[in-house]
Amino acid sequence: MTTATPSRVRPPASSELDPEERMTRAEIEQLQLERLQQTVRHAYANVPLYTRKFDDAGVHPDDIRTLADVERLPFTTKADLRETYPFGMFAVPMSDVARIHASSGTTGRPTVVGYTKGDLDRWGSLVARSLRASGIRPGMKVHNAYGYGLFTGGLGAHAGIEALGATVIPMSGGQTARQVQLICDFEPDAILCTPSYLLTIADAMVAQGIDPRSTSLKVAVLGAEPWTNEMRHELEQRLGIDALDIYGLSEVMGPGVGNECLETKDGPHLWEDHFLPEVIDGETLAALPDGELGELVFTSLTKEAFPVIRYRTRDLTRLLPGTARPGMRRMEKITGRNDDMIILRGVNLFPTQIEELVLGIEQLTPHFILELSRDGRMDALKVRIERHPELSIETCQSAAEVLATRIKVHVGSTVAVQLEEPGALPRSEGKYKRVYDLR
């Protein structure tokens, strides 16, 4: 069991918070209702897809009289965004669109999102709020290792750092040796990247003879992929930092939809003055009460160019009461996605479940991948994991056998665990690919 790392930064004082962060729950809900009504009218009047979907569902913007009435509205899916490719979801003239972002489109047409100047200003202020919640302050130097370009991470984080009044080091992703050099030379206070890539950076420091705990880094704001509290402990211990979870997705805005607060580290608080979250049953599509696990759904409340109504994120979580920001609900850390789930001989399994077990065995490294194959008529799963470079092969092999046993006990499936030499598996250069389907 690892011990908590003493915080190297301080949480914000009440006087430093935005007025909305100090609102009561009742005040937040009243603001949400006003903004929901405005957004629904805006989407219905200006986005043909929403006009058609509302009409087909027999619902009109005037029917939205309470927050609960959001359940009468139709869902939006990624298929809708691809159907209207490239600009059919825009609710303003192209002359009012200040920027366009898009997903990678690896599974089909990319999903395209647009922003007005007002959207960009609000996005920057929400990322700034997120960074401040993480302990970053004006005047700090922030190393931004999220990828720049059509991906929302790099430029979204960049704008938030500037809006906060901190100094941006716009490194982007990749070039790991140069990342290490600039961290040592420029002495940033904070780093923004994916959790798997921060692990890659820490490994590169060790390979160069640098103690990861000796750098100037005090805090890491990590997102863009699911990660566990066990990974948080691993990174905090290895680098002597505070590690905070930032949440977002391009279809809803980008990074900054929610963020963990330094004083609690108990899951991202959602910035509910700008987004209305729900959790639904992924099969029946029924809304679930707070506290129950299901699929996260968002309705934007202030977006002009690209409003989204009940967007199905596919992320699995549960909504919880606010703590550090009592007026705004939290969500449990994302443990997986509906479309990341592996069904292995009838058992549902997520890569984060394996990560949690791996990080509980000190003799194994966190570097692993999952390979799905077919053995006759049955699916098979192999965990390929690197052995610890400072321990004997026999010790690591014994630990691999322990891992296989724990997966069987905790997950309910028999898997093969294959030990690999240090450095044999690919390293993260941004979002890490854990699952390789060889069937």
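**Salt bridges and their surroundings**

Modeller: Arg387 forms a salt bridge with Glu421 (a side-chain nitrogen of Lys or Arg within 4 Å of a carboxyl oxygen of Asp or Glu). The closest N and O atoms are 3.2 Å apart. Arg387 lies in strand β19 (residues 378-387), Glu421 in the loop between β20 (416-420) and β21 (435-437), so the pair ties together parts 34 residues apart in sequence. Helices (H or I, at least four residues) and strands (E, at least two) are DSSP runs, numbered from the N terminus.

Two notes on the source. This is a predicted model: local features need pLDDT of at least 70, side-chain atom pairs count only at pLDDT 80 or more, and totals for chains, interfaces and linings use all residues. Residues are numbered from 1 along each chain as its sequence is written, and side-chain values use heavy atoms, with hydrogens and water left out.

How covered are the two partners? Arg387 is buried, at 13% relative accessible area. Glu421 is partly exposed, at 44%. The cut-offs are under 20% for buried, over 50% for exposed and partly exposed in between (1.4 Å probe, protein chains only).

The whole structure holds 36 salt bridges. Side chains of opposite charge can pair when their charged atoms come close.

Now take Arg129 and Glu21. They form a salt bridge, with 3.8 Å between the closest N and O atoms. Arg129 sits in helix α4 (residues 117-133) and Glu21 in the segment before α1 (25-46), so this pair ties together parts 108 residues apart in sequence. Both Arg129 and Glu21 are buried.

Another pair is Glu83 with Arg52. Their closest N and O atoms are 3.2 Å apart. Glu83 belongs to helix α3 (residues 78-83) and Arg52 to helix α2 (residues 48-57), 31 residues apart, so the link spans distant parts of the chain. Arg52 is partly exposed, with a relative accessible area of 38%.

Phe87 is in the loop between α3 and β1 (99-102). Phe87 counts as partly exposed, at 39% relative accessibility. Together with Met94 and Ile100, Phe87 makes a nonpolar surface patch with about 250 Å² of accessible area. Such patches take residues with over 30% relative accessible area and no salt bridge; nonpolar side chains (Val, Leu, Ile, Met, Phe, Trp, Tyr) are joined within 5 Å, like charges within 9 Å. Areas come from the Shrake-Rupley method with a 1.4 Å probe, and for residues only the protein chains shown count as cover.

Helix α9 (residues 351-358) is mostly covered. Six of its eight residues are buried: Pro351, Thr352, Ile354, Glu355, Leu357 and Val358.

Ser196 belongs to helix α7 (residues 195-207). Ser196 is buried, at 7% relative accessibility. Not counting residues up to four places away in sequence, Ser196 touches Glu225, Ser428, Gly430 and Tyr432 (contact means heavy atoms within 4.5 Å). Ile280 lies 84 residues from Ser196 in sequence and 29 Å away in space, C-alpha to C-alpha.
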